[in-house]
Structure formats: structure tokens, C-alpha cells
Amino acid sequence: MGIDQFPKAMRDARRIVETAAPSEGHRRQAAELMNEIECAKRCRRRLDRKLSRDVCRWVQTSMNEHGNGSETSRGGGNARDDDDGDERPRSSDGNRSFAID
């Protein structure tokens, strides 16, 4: 079940609980279904967080192995990362005093 389907499933189960006659047993089944949905939602959230942490670790390891980790963690990077909009290459002294036409 996709994360966006949990609210819809809970809404439908709540509607069954509210409208079902107690003698038919549908109310109890809908309440059990609501518990299952909540459990699935917590499990999905836990797995998503674990996946996110694993991806972050993988990216950090990759950046460190390729020598880019220290530059990006301090906010550095190449000339295209600057916010001044000028994408011309820098000269050896760091200025953009020359242009390539």
C-alpha cells in the first residue's frame, strides 16, 4: 500500500465503523482493519526512514572516497555552485577576469 493510500483506507474504515450495525460484526472487523492500517503505516514510515539513512550514508561514503566530501560539507564546490549567476570559468587567482567566447 502506498503512503498516500493510508488516509483513504483509514477514512473508509472509519466510515464503516460509524455506519455499520453492531450486530453484524462489521464494526469489529473495521476496527481491526484500522489497527492493521496503523501498523502498516508505522512499519512503512520506519522502513522509509531506514532507507533514507542508508542512502545518506552511501552518498557520504561515496563523496569521501572521491575527495569531494570535505568541500561539499563546508558549502564549497565548483564555480557553478556560486549564486552570482556567472558561469564563466575562474582564472587561477579566483577572479572571472577573462571570458571564453
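Guide: Start with the crossing: helix 1 passes helix 2 in a left-handed crossing.

Visitor: What makes a crossing left-handed?

Guide: The near helix is turned anticlockwise from the far one by less than a right angle; clockwise would be right-handed. Some ground rules. This is a predicted model, where local features need pLDDT of at least 70, side-chain atom pairs count only at pLDDT 80 or more, and totals for chains, interfaces and linings use all residues. Residues are numbered from 1 along each chain as its sequence is written, and side-chain values use heavy atoms, with hydrogens and water left out.

Visitor: What counts as a helix?

Guide: A DSSP run of H or I with at least four residues; a strand is a run of E with at least two, and numbering starts at the N terminus. The protein chain has three helices and zero strands. Its pattern along the sequence is α-α-α.

Visitor: Why is helix 1 called roughly antiparallel to helix 2?

Guide: The axes of helix 1 (residues 6-19) and helix 2 (residues 26-65) cross at roughly 160° and come within 8 Å. The cut-off for roughly antiparallel is over 145 degrees, so helix 1 is roughly antiparallel to helix 2. Angles under 35 degrees would be roughly parallel, 65 to 115 roughly perpendicular, and the rest oblique. Axes are lines fitted to C-alpha atoms over the stretch in contact, with angles from 0 to 180 degrees between N-to-C directions.

Visitor: Which residues does Met-10 touch?

Guide: Met-10 sits in helix 1. Leaving out residues up to four places away in sequence, Met-10 touches Met-34, Ile-37 and Glu-38. Contact means heavy atoms within 4.5 Å. The C-alpha atoms of Met-10 and Asn-35 are separated by 9.4 Å, though 25 residues apart along the chain.

Visitor: Why does Met-10 count as buried?

Guide: Its relative accessible area is 8%. Buried means under 20%, exposed over 50%, partly exposed in between, with a 1.4 Å probe and protein chains only. Met-10 is therefore buried. Of the 101 residues of the protein chain, 12% count as buried.

Visitor: And what makes Glu-32 partly exposed?

Guide: Glu-32 lies in helix 2. Its relative accessibility is 39%, so Glu-32 counts as partly exposed. The C-alpha atoms of Glu-32 and Ala-13, 19 residues apart along the chain, are separated by 9.2 Å.
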